[in-house]
Amino acid sequence: MKANFMIEETDRHILEILQADASISLATLAERVGLSLSPCWRRVKRLREEGVIVGQVTLLDPKAVGLTVTVMATVTLESHAQENVTAFEATVRSAPEIMECYAVTGERDYLLRIVVTDIESYEQFITARLLHLPMVRSVNSRFALRKVKYSTVLPLELANTVSD
């Protein structure tokens with residue numbers, strides 16, 4: 001997908017509906033956006049092919065499955081040598097506890113969102129998976145007290161939109 005991709009108004013409406021409920025039937029989706037079944041299917045298919053829709057998931061409540069601790073951790077590497085970056089990012093990708101990882105600007109190199117069952121599990125995780133890595137200089141952790149806002153819905157009203 002191109003960075004300056006323009007979303008048609010009907011496509012934006014389709015995407016807003018699918019972000020709210022990806023399990024909606026194609027017939028219901030078509031009805032809600034005012035299209036017949038075939039044109040709606042073609043639009044969804046095109047949005048997938050163009051990389052706008054990248055997947056569908058079922059969101060779970062972390063507490064309901066025993067993952068009660070959320071940690072925001074910042075990581076600083078010893079150096080930014082490519083082999084360090086590659087090795088660290090491979091470790092991040094292989095750690096299911098790490099839900100999100102961002103390379104960031106400023107004094108730290110990465111921001112991680114980590115979920116675990118309890119503080120002891122987090123201690124074991126950073127000791128066994130992060131702090132032993134030779135390229136990691138430091139890990140600073142902040143424990144979330146409560147969730148104020150969480151969303152997976154992109155604000156499409158801010159996206160580049162064109163009329164149909």
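Residues are numbered from 1 along each chain as its sequence is written, and side-chain values use heavy atoms, with hydrogens and water left out. Because the model is predicted, local features need pLDDT of at least 70 and side-chain atom pairs count only at pLDDT 80 or more, while totals for chains, interfaces and linings use all residues.

Helix α1 covers residues 9-20 and helix α3 residues 37-49, and their axes come within 11 Å and cross at roughly 80 degrees, which makes α1 roughly perpendicular to α3 (a term for angles of 65 to 115 degrees; axes are lines fitted to C-alpha atoms over the stretch in contact, and helices are DSSP runs of H or I with at least four residues). On the side of α1 the contact (heavy atoms within 4.5 Å) is made by T10, D11, I14, L15 and L18, and on the side of α3 by C40, R43, V44, R46 and L47.

The structure holds 10 salt bridges, each being a side-chain nitrogen of Lys or Arg within 4 Å of a carboxyl oxygen of Asp or Glu. One of them joins D11 to R46, with the closest N and O atoms 2.5 Å apart; since D11 lies in helix α1 and R46 in helix α3, the pair ties together parts that are 35 residues apart in sequence. D11 is buried, at 2% relative accessible area, whereas R46 is partly exposed, at 26% (buried means under 20%, exposed over 50%, partly exposed in between, with a 1.4 Å probe and protein chains only). Both residues also belong to a network of salt bridges that links E8, D11, R43, R46 and E50.

Key: Axes are lines fitted to C-alpha atoms, for helices over the stretch in contact, and angles run from 0 to 180 degrees between N-to-C directions. Helices (H or I, at least four residues) and strands (E, at least two) are DSSP runs, numbered from the N terminus. Angles under 35 degrees count as roughly parallel, over 145 as roughly antiparallel, 65 to 115 as roughly perpendicular and the rest as oblique.
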